[in-house]
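Here are my notes on this one, as numbered points. Have the sequence and the 3D view open while you read.

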Amino acid sequence: MSTEISTTAQHADQGTGDAAQTGSSRARRDRKTDIEARAGGSTAPVRARRARATLLIGGLAAALVLVTVVSAGRGQLEISPGEVTGSVMHRLDSGLEWLLTRVGITVDLPLDIGSLPSHAQGENTLWLVRFPRVVLAILVGAALATAGALMQGIFGNPLAEPALIGVSPGAAVGASLVFVTGASFLGEWTAPAAAFTTGLFATLLVYALSRSGGRTEVVTLMLTGVAVTAVAFALVAFNTFVANPEAREQIVFWQLGSLNGARWPAVNAVLPFVCVGLVVAVVLARSLDLLSLGDKAARHLGVNVERLRIVAIVVVAMLVGSGVAFAGVIGFVGLVVPHLMRMVAGPGHRVLLPASALGGAVLLVGADLVARTAIQYADLPLGMLTALVGGPFFFWLLRRTRSRAGGWA
Amino acid sequence: MGMAPDDGDPLRIAFLYMRGGMVQLLAGPGSGADAMIQAIGAVDVGTDLGLDRSFTQVTSEALIEAAPDVIIMMSEGLSSIGGADGLEKIPGVAQTPAGENQRVVDMDDTQLLSFGPRTGQTIAALAEAVYAP
């Protein structure tokens, strides 16, 4: 939204620069073309933007495939890319043959090419250790970045980040509480379940507290988020204080974020949330575009703004909650990726949301590859890496926007 | 140590400090566990891998690469991940010889790494658990 506004402002500036009298009419004409362009006419800028969007989505999808293959081929256990491909093709071959046998066709498909991993544990390492981790990175990255794009859309604010409405701080409260009390009513699923529940609860609390008279003001919502986040951090701090050294270690490591220990059951648990979240996000895209005209304008155009906001917030909580439940706190993905995508694809949510999902997945698979291979045998904190790269990058983004278009605010 | 067999390669032992799913530290040089393991005539896999700190948060693949024959854990640590059954589910553990043969030794938290008058007893108990279970 913000980029669009600043572009329009720039047009107006150029107009007034030419001649003071014709300035305003020129600006009006520019704005008219802009509106026509947005209405979906076949003007050149629209075609260019569409081509750009297709290129972006296609490029990101290709990048995701590439980074996934590279990531799956790297690790402490040496398995060559050829062996990775061979192993995948072997499984694909036997899987398809099994499927065909089920429907009564017995054939020997020629897909079983390449050699299997030579290491005795190569096959197991690939399928039980490395692939679940890479797939979880894809899911969590997509979830965080989509959630960020949704948040920035519904708040019309470039600073909006999932952490701001209390999802991850709330999740940290639940997780730390489980570590302190040693609760294990759901076995190994206790901490993820508690994190997810408290994350969702904190978000709904923020929403309920900031709502008054059937409406939610954006600034109130964000400031309430700040307040709830502060209380959540206080609770985590208290839990850290009362915990014994072992539980304290768990709290600390959980907040650093990591995908080590990812298994297929975790992937299966996250998958439905992410899929539903992504689908709902794309369904909301049109309404979000209208909302970027402002609450009032959107309401006049038939958007149920309140319903849109609560649905979007629940989706954000679901996406982020399921992501952090297994991976711990991973910051900056939700903030940086949508901005980056908006720079390339423009502010339209129908492109922005899927592009963010793909971009987030690419980023997190790459970051996790660094986390598990940068230092031999050590598992670096993933949240640390994303913040280390994301912070300076975001700063650069701010400076760039400031010098080119006068900044966001 | 008299109990260690003279023939063949010495056993490879990992001391794994785990809490829940997120804390997975492998002992290395200077951890105290390396001294314990060497005292019973075995190889400390953390030191053997070339870890340079006493405890390192390791990846699952590091465990597979380390290929310990036996894993030593603290009793509380083992129970925090759901006992021996839970340990089998940790990625990387099941793919080690120790995981395949289910050779896990757990010792009381206060005993294992506190060097003092009872260290001799601890080493003897460890040797028995490892070589003559």
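A residue counts as buried here when its relative accessible area is under 20%, and as exposed when that value is over 50%, with partly exposed in between. Keep in mind throughout that this is a predicted model.

1. Start with Tyr377(A). Its phi is near 75 degrees, which is a positive value in a residue other than glycine. You'll find Tyr377(A) in the loop between α14 (349-373) and α15 (382-405) of chain A. Is Tyr377(A) buried or exposed? With a relative accessible area of 10%, Tyr377(A) falls under the 20% cut-off, so it is buried.

2. Chain B has a positive phi to look at as well: Gln102(B), not a glycine, sits at about 50 degrees. Gln102(B) belongs to the loop between α6 (97-100) and β6 (104-107) of chain B. Its relative accessibility is 56%, so Gln102(B) counts as exposed.

3. Now the overall make-up of chain A. The secondary structure comes to 15 helices and two strands. Of the 409 residues in chain A, 46% are buried. Taking the contacts in chain A with a separation of 6 or more, 76% are between residues 24 or more positions apart.

4. Helix α3 (residues 44-72) of chain A is worth a quick length check. It has 29 residues, and at 1.5 Å a residue these should span 42 Å; the end C-alpha atoms are 42 Å apart, so the two agree. The buried residues of α3(A) include Val46(A), Ala53(A), Leu56(A), Leu60(A) and Leu64(A). Further along α3(A), Val67(A), Thr68(A), Ser71(A) and Ala72(A) are buried too.

5. Next, how α14(A) packs. The axes of helix α13 (residues 333-345) of chain A and α14(A) come within 9 Å and cross at roughly 125 degrees. That angle makes α13(A) oblique to α14(A). The crossing is right-handed. On the α13(A) side the contact is made by Val333(A), Val337(A), Pro338(A), Met341(A), Arg342(A) and Ala345(A). The α14(A) side brings in residues including Val351(A), Leu352(A), Ala355(A), Gly359(A), Gly360(A) and Leu363(A). Sorted by class, this contact has 10 nonpolar, three polar and one charged residues.

6. α14(A) also meets helix α5 (residues 122-155) of chain A. Here the axes come within 7 Å and cross at roughly 140 degrees. By class, the contact has 13 nonpolar, six polar and four charged residues.

7. Have a look at Gln250(A), in helix α9 (residues 245-256) of chain A. Its relative accessibility is 11%, so Gln250(A) counts as buried. Which residues does Gln250(A) touch, not counting those up to four places away in sequence? They are Phe179(A), together with Arg19(B), Gly20(B) and Val23(B).

8. Last, Gly116(B), which lies in the loop between α7 (109-112) and α8 (119-131) of chain B. Gly116(B) is partly exposed, with a relative accessible area of 35%. The C-alpha atoms of Gly116(B) and Gly21(B) are separated by 31 Å, and the two residues are 95 residues apart along the chain.

How values were computed. Residues numbered from 1 in each chain as written. Chains lettered and ligands numbered in written order. Predicted model: local features only at pLDDT ≥ 70, side-chain atom pairs only at ≥ 80, totals over all residues. Heavy atoms only, no water. Helix = DSSP H or I, 4+ residues; strand = E, 2+ residues; numbered from the N terminus. Buried < 20%, exposed > 50% of the residue type's maximum accessible area, 1.4 Å probe, protein only. Expected span 1.5 Å × (residues − 1). Axes fitted to C-alpha atoms, helices over the stretch in contact; angles between N-to-C directions. Parallel < 35°, antiparallel > 145°, perpendicular 65-115°, else oblique. Left-handed = near helix turned anticlockwise from the far one by under 90°. Contact = heavy atoms within 4.5 Å. Nonpolar A, V, L, I, M, F, W, Y, C, P; charged D, E, K, R; others polar.
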